[in-house]
Amino acid sequence: MFIYNFISLFRPILEIYQWDVCNLPLKKDSINVIVTDLPFGKKSGSKLKNWDLYPKALAEMARVCPPLTGRAVLLTQDKKVMSKVLGGSLLWRKKLTLWINMGGLTAGVYVLQRTSKTL
C-alpha cells in the first residue's frame, strides 16, 4: 500500500484536447514539440483534401513552434502530399523519415525541425 501511494504521487497529469490543426488556440512560439497523426485520406479525410490540409497544418504548427528549436513528429501514409509540402516549405526541415507498416499500409514518421524563417 505504501509503494502504491508513493508511486501515485508521481503520476503525470495528462490533458487531451481536440482542436483544429489549422487554427490552434495557442500563442505564437508557445509549443516546443508537436506529435500528431495526420489524416491518411483513407478512414478519415480524403487524399484530395490532404492537398489543402497539409500545407495549412504545417504553417499553423510553425506559428506555434519557435524558430530553430521547434520540432514536429508527424505520422501519415500520404507520402506524395507530404513530400510536395515539405519540399516547398521554408518553415520546416525534414531531419528523418522512418517507414513503418500499419496494418498493411506503409506510413511515414516524419521528424521535422523548425527553420529560422519567421511568419
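In which loop does L68 lie? L68 is placed in the loop between α2 and β2 (71–76), where helices (H or I, at least four residues) and strands (E, at least two) are DSSP runs numbered from the N terminus. The model is predicted, so that local features require pLDDT of at least 70 and side-chain atom pairs count only at pLDDT 80 or more, while totals for chains, interfaces and linings use all residues. Residues are numbered from 1 along each chain as its sequence is written, and side-chain values use heavy atoms, with hydrogens and water left out.

The protein contains three helices and four strands, arranged from the N terminus as α-β-α-β-α-β-β. Of its 119 residues, 33% count as buried; buried denotes under 20% relative accessible area, exposed over 50%, and partly exposed in between (1.4 Å probe, protein chains only).

Most residues other than glycine have a negative phi.

The 18 residues of α2 should span 26 Å at 1.5 Å a residue, in agreement with the 26 Å between its end C-alpha atoms; the expected span is 1.5 Å times one less than the number of residues. Buried residues of α2 include N50, L53, Y54, A57, L58 and M61.

The largest pocket holds about 520 Å³ of space. On a 1 Å grid over the protein atoms alone, a pocket is an open set of points where a 1.4 Å probe fits, with protein on both sides within 12 Å along at least five of seven lines, and lining residues have an atom within 4 Å of a point. Its volume is the space filled by probe spheres set on the points, which are joined across faces, edges and corners. Of the 19 lining residues, V21, L24, I34, V35 and T36 lie nearest the centre of the pocket. β1 (33–37) and α2 (47–64) are the elements that give two or more residues to this lining, and β1 provides the largest share, five residues.
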